[in-house]
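Today I'm looking up charged pairs and nonpolar cores, and jotting down what turns up.

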Amino acid sequence: MNRIKEAFANGTAFIPFVTAGDPDLETTGKLVLEMAKAGADLIELGIPFSDPVAEGEVIQRADSRALSGGCTIDGIFHLVRSIRGACGVPLAFMTYVNPVYVYGPEKFLKHCASCGVDAVIVPDLPFEEKKELLPFCDANRVELISMIAPTSHQRIEEIAKEARGFVYCVSSLGVTGVRKKITSDVGTMISLVKRQQKIPCAVGFGISTPEQAEKIAQVADGVIVGSAIVKLVEQYGADCLGPVSKYVREMKQAVRTR
Amino acid sequence: MSKGRFGPYGGQYIPETLMNAVIEIEAAYEHYKKDEAFVRELQSLLENYAGRPSLLYYAERMTKKLGGAKIYLKREDLNHTGSHKINNVLGQALLAKKMGKTRVVAETGAGQHGVATATVAALMGLECDIYMGKEDTVRQALNVYRMELLGARVHPVESGTQTLKDAVNEAMREWTSRIEDTLYIFGSVMGPHPFPTIVRDFQSVIGRETKRQMLKAEGKLPDVLLACVGGGSNAMGLFYEFLNDPVRMIGCEAAGRGVHTAQNAATMANGTVGIFHGMKSYFCQDGDGQIAPVYSISAGLDYPGIGPEHAYLHDIGRVDYVPVTDEEAVDAFEYLSRTEGIIPAIESAHAVAYARKLAPSMAKNQVMVVNLSGRGDKDVAAIARYRGADLHE
């Protein structure tokens, strides 16, 4: 069983996101270990980008902190390699197409495989352009995660048919960030995916509270939370391990009770 | 290869949330560009509102002083709102109306595209939000007030380098959050397909007129075309009609304080292939694909990328791209003002600067056209400050 499947084997998955290198790579490494201990089923590591067009202000600021701290792609690979011995939690990189393209897709995906990164999520690489990375992902057995949005409508069918690993369902219009209410009908989106194939569906964008997570967990196989955690990292800096760990534990508890 | 390619460049590298929106725009554009009523309405707006055709002016004093090729200026500065940007905005805003959209958003650098968009939004009764880098709102304070006067909301963008690229980021983010009633009017031949094609088509009126006017004035095609290039819309607009003709074409990019300094925006000179703002093209960036903080005195050319069709024309050797520094552009700004009584936009002054270098090396029976993409009123205070005067708007 590959590690992405494992992520969805313990009830509804809780999937936290942190930006690598925020506030520094050492803290990121500790965060991954702590979040895994606290019940995270899959961890998304953001590779910071200078111009993260799909992100709201919270993650934009995290990317900019990480980059001004000198975070590089090689540094992130080094970090992942160093924690893999101690921790088998499924890992996905979330980044933009340009860092991967410029670093070299072949080299990038080869390193993903050798470090133990199980999937990559690239929000500015839609279905039509996925050939840019897919051959390299396939060659290295790294899953390229497909995304669907509330505006996808008829596109869900073709996207879901070819999806691998899990489907990332974007809960709301706009960019990442905490929202008071999730108004989209994610249940319908997910059922359209499942009509094509039995593949786990995880929902992200806007989720921050245990109540929201519990509600989403009733229809989804996984709940993704980014900005709410990155906010804690922003607030506590290198002392964020305790607060983040507590938050992840609460959220895993909330999604488990479906 | 996916849709909207110029060789390997172009494409649609955008979040899934926007995919149906660009598919809808493409379908609408393909329909309306063949729709006689639409074409007639746009033509009427170009003539009766924008003031087209723009003049092709023989710059006799400049020609004589330089002592080489005969120099013509394509006077896009004489259009309503003072630049070529109105050509594209009239087309896209009309398309937005036909698509039933009630709101437009746009990015702007120097403010020319923002002013054109705010103007046409007022004309057509569309709600209008303009995104502009905070630094540019300071450099171009008068244009901010102008846009507000026209009824637009201007949003200063404080992220990143606070210039044109960040304005595009923010306009794209805004479009992602409100798609149903909104069209993003890209200001240049950039972004995801179909924008590079749509903007080029709406701007190609510049080249069509130039060809007609030149054949009338000189009885032959020009030998050289010159235009400044940021994203590259005025250049594509001039060049497109001549791509299959024996005409040399040169795009002038902003070299800021010099191509070998860290402060420039010369994408062809210093850039590498990447994928950003929805397109594969050349970008100023580092080895990790982080987009570089670029610089030019011209807010309109202060952009780390270039339209994908330019990237292709560069690779196949059809168009040459040359760097022009701040200092050369400011000299040309002053030169054209004094020689011809025409104050060019600092963007256009980059093309004028290269004309000054090239014309003397050409024969007297050769002809060159310089695209004067905009007027320079907006730049007067900034140039005064560059020259050390304590002048503020």
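This is a predicted model: local features need pLDDT of at least 70, side-chain atom pairs count only at pLDDT 80 or more; totals for chains, interfaces and linings use all residues.

I started with Arg178(B), which is partly exposed at a relative accessible area of 30%. My cut-offs: buried is under 20% relative accessible area, exposed is over 50%, and partly exposed lies in between (1.4 Å probe, protein chains only). Residues are numbered from 1 along each chain as its sequence is written, chains are lettered from A and ligands numbered from 1 in the order in which they are written, and side-chain values use heavy atoms, with hydrogens and water left out.

What does Arg178(B) form a salt bridge with? I found Asp181(B), with the closest N and O atoms 2.8 Å apart. (A salt bridge here is a side-chain nitrogen of Lys or Arg within 4 Å of a carboxyl oxygen of Asp or Glu.) Both residues belong to a salt-bridge network that also includes Arg103(B), Glu127(B) and Arg153(B).

Next I checked Arg387(B), whose side chain meets that of Glu327(B) in a salt bridge of 3.3 Å, N to O. Arg387(B) sits in the segment after α16 (380-386) of chain B and Glu327(B) in helix α14 (residues 326-340) of chain B, so the pair ties together parts 60 residues apart in sequence. (Helices are DSSP runs of H or I, at least four residues; strands are runs of E, at least two; both are numbered from the N terminus.) Arg387(B) is partly exposed at 37%, and Glu327(B) is partly exposed at 37%.

Lys130(A) is in the loop between β4 (119-121) and α7 (134-139) of chain A, Glu162(A) in helix α8 (residues 155-162) of chain A, so parts 32 residues apart in sequence get tied together. Is Lys130(A) buried or exposed? Buried, at 10% relative accessibility; Glu162(A) is partly exposed at 43%.

Last, the cores (sets of buried Ala, Val, Leu, Ile, Met, Phe, Trp, Tyr and Cys residues joined through side-chain atoms within 4.5 Å). The largest has 72 residues, and Val225(A) is among those touching the most other members. A second, separate core of 65 residues includes Ala54(A) and Val104(B).
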